[in-house]
Amino acid sequence: MIFSAGLGFIEISPGEILQIIAAGFGGHLPDTIDASYPFVIMEVRLPRIITAVLVGGGLAVAGCIFQSLLQNPLADPYTLGISSGAAFGASVAILLLIVGSALPSSLIIPLFAFGGALLTLAAVFSLAAPSTRLSSNSLILAGIIISAILSAGISLIKFLADEQVNAIIFWLMGSFIGKDWTDVLLLSILVLPSTLILMLFSREMDIMTFGDRTSEALGIDTTKIRRFVLIVASLSTSGCVAVSGIIGFVGLIVPHFVRMILGPSNTMLIPVSFLCGCILLLGADTVTRVLLPTEIPIGVLTALIGGPLFCYIFRKTQLQRWR
Amino acid sequence: MRDSRGWDLENVYFSYAAAPCLQEISMALERGRFYGLIGPNGSGKSTLIDLLSGYVRADQGTIRLNGRPLHSMQRLELAALLTVVPQRFAFNFDFNVYETVMMGRYPHISRFSSPTQNDHRQVSEALALLDVAYLAERSIRKLSGGETQRVMIARALVQDTDFILLDEVTANLDINHAIAIMQTMKALVNRGKTVIAALHDLNMALSFCDHILVLNNGRLHRQGMATEVIDEGLVADIYQVSSEVINGDDGSVHLSFKYQ
């Protein structure tokens with residue numbers, strides 16, 4: 001992270017960055033450091049980098065949880081429609097900004113996105129709840145239905161936004177541009193505690209992949225745990241989406257990737273996926289920020305880099321398996 | 001007074017989506033016996049197993065285990081008393097056989113500790129007992145139906161409960177493994193455990209079970225000693241098949257079915 005913070009249009013050495021951070025906590029800033037550097041590091045680069053790291057970790061962990069609990073290796077943090085809900089909320093906010101609103105966009109968009117995600121989650125759960133035991137099929141189906149409705153809503157808003165439609169499309173692609181300490185704070189509150197809580201339920205989630213009957217026979221209240229764990233993972237995901245827009249791929253691929261190497265046990269899967277998610281988005285964000293002539297949306301970049309890498313590893317493990 | 005340890009069912013009704021599944025079931029299942037639960041497809045055997053395990057709750061009537069109503073007990077309390085091997089499982093991820101069987105120790109391992117020597121020993125013993133030790137490192141998804149079934153029985157055994165419910169567990173097995181599992185269960189019963197096994201194979205029931213429960217159309221059709229309950233009349237009655245009971249010289253009894 002320190003190294004990444006040094007890269008960019010203005011190059012700053014890791015030593016200088018440490019001194020700047022120390023100065024930020026009340027230390028003395030040496031005269032050798034350019035007076036504009038502290039602003040670049042503390043207000044621009046660090047919040048953005050920490051945001052990228054937390055979003056990466058949060059999405060990867062949520063991916064593990066959704067895949068385990070929905071008993072479906074193809075699930076990702078967005079399976080229950082959280083992304084559509086957040087996107088709808090953000091689109092509404094952007095539309096309000098276009099027609100004129102007094103509130104600052106940096107506040108109103110994440111707020112609406114988060115609200116949209118939570119409302120969607122509530123809708124999906126209440127739609128799936130009458131089914132016995134909140135089964136994964138009914139949850140997935142409810143997620144698809146609500147997503148479809150919201151997608152239509154987003155299309156309508158894009159249509160209404162007319163020439164300002166770019167703002168919505170750009171948000172939908174996900175980005176870490178202009179992230180500040182408020183975003184970092186929101187993410188820290190949601191992502192870090194939820195990751196710790198979810199780690200506590202690793203064993204239950206492992207067992208629950210075998211089906212409800214055997215899990216209950218082992219003393220697990222499957223309905224209660226499924227509801228609790230999905231809500232925790234969804235809150236974390238909602239925070240990530242609200243702050244950074246929709247960054248696909250991380251939540252699907254990172255857990256797969258880690259599972260291929262370490263096996264399916266959540267005890268290792270969750271913490272290692274968290275770290276890998278952090279590293280993946282930090283790397284991707286650094287690449288788009290530093291190396292490329294113009295910033296391309298982070299979601300696009302992760303898929304472009306991660307996709308082929310995943311194909312390569314997938315192919316390799318499949319070949320090994322058949323030997 | 002009768003021993004209160006075991007199940008006690010009083011006028012139990014259960015329906016699924018308004019269609020009655022089980023009706024008027026009253027019976028006592030005593031500790032230390034090997035019960036065979038037989039009856040045609042759809043007669044309610046699996047539902048009765050679900051009720052006895054507390055997976056579903058009776059619409060009417062009460063089910064007590066060791067004198068306490070099942071629905072008043074916490075899941076973890078029940079898990080200390082009884083285990084279930086259901087007919088079907090979901091296998092979506094590549095857990096290996098050893099990890100899978102270790103999950104059976106879940107009720108005995110608290111959240112913040114890891115498996116002890118004793119846990120590992122029990123798992124190894126169960127793997128050996130069910131003849132699946134050589135599969136320990138193999139993914140659960142790469143086993144045959146019979147191997148999977150034996151692994152899941154091993155997992156139930158390491159849970160180390162007094163009461164064991166089996167739902168058609170020998171259905172997928174080769175005859176040698178089916179017999180081995182029934183012998184294992186018999187040995188557990190002789191050591192004081194209680195086994196209730198839903199079975200298709202009437203000869204298995206005759207050979208191994210002390211006591212037979214016959215379900216037909218959701219009602220308890222008959223119950224009693226295996227050799228007294230399973231006879232030509234019963235087979236004709238509930239399966240509409242003619243058969244003959246053959247008494248072996250060694251005291252064994254089995255059914256021979258007539259195909260015409």
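# A walk through chains A and B

Start by selecting Ile154(A), which sits in helix H6 (residues 136-161) of chain A. Before you go on, note that this is a predicted model, in which local features need pLDDT of at least 70 and side-chain atom pairs count only at pLDDT 80 or more, while totals for chains, interfaces and linings use all residues. Residues are numbered from 1 along each chain as its sequence is written, with chains lettered from A and ligands numbered from 1 in the order in which they are written. Helices (H or I, at least four residues) and strands (E, at least two) are DSSP runs, numbered from the N terminus.

**Stop 1: around Ile154(A)**

Contact here is two C-beta atoms, placed from the backbone, within 7 Å.

**Stop 2: two crossing helices**

Staying in chain A, select helix H3 (residues 37-69) and helix H12 (residues 250-262), whose axes come within 7 Å and cross at roughly 70°. H3(A) is therefore roughly perpendicular to H12(A). The word covers 65 to 115 degrees; under 35 degrees is roughly parallel, over 145 roughly antiparallel, and the rest oblique. Axes are lines fitted to C-alpha atoms, for helices over the stretch in contact, and angles run from 0 to 180 degrees between N-to-C directions. To see the contact, pick residues including Gly56(A) and Leu59(A) of H3(A), along with Val250(A) and Pro255(A) of H12(A).

**Stop 3: where the chains touch**

Next, show both chains: 21 residues from chain B and 21 residues from chain A make up the contact. Which element of chain B gives the most to the side that touches chain A? It is H2(B), with four residues.

**Stop 4: the sheet of chain B**

Now colour the open sheet of six strands in chain B, ordered S6-S7-S8-S3-S9-S10 with mixed pairing. Strands pair if DSSP finds at least two bridges between them. At the edges are strand S6 (82-85) and strand S10 (219-225) of chain B, each pairing on one side only. From one strand to the next, the twist averages 15°.

Centre on Tyr35(B), which stands opposite Ile196(B) in S8(B) and has His211(B) as its bridge partner in S9(B). Strand S3 (residues 34-38) of chain B pairs in the parallel sense with strand S8 (residues 194-198) over four bridges. S9(B) and S10(B) instead run antiparallel, joined by six bridges. In their hairpin, with two residues between the strands, look for Asn217(B) and its positive phi near 50°.

**Last stop: helix H5 of chain B**

Finally, select helix H5 (residues 145-158) of chain B, whose 14 residues should span 20 Å at 1.5 Å a residue; the end C-alpha atoms are 20 Å apart, which agrees. The expected span is 1.5 Å times one less than the number of residues. Twelve of the 14 residues of H5(B) are buried, among them Met152(B) and Leu157(B). Their cover includes S6(B) and helix H4 (117-129) of chain B. After H5(B) comes Asp160(B), with a positive phi near 55°.

Conventions: A residue is buried if 20 or more other C-beta atoms lie within 10 Å of its own, exposed if 12 or fewer, and partly exposed in between; C-beta atoms are placed from the backbone.
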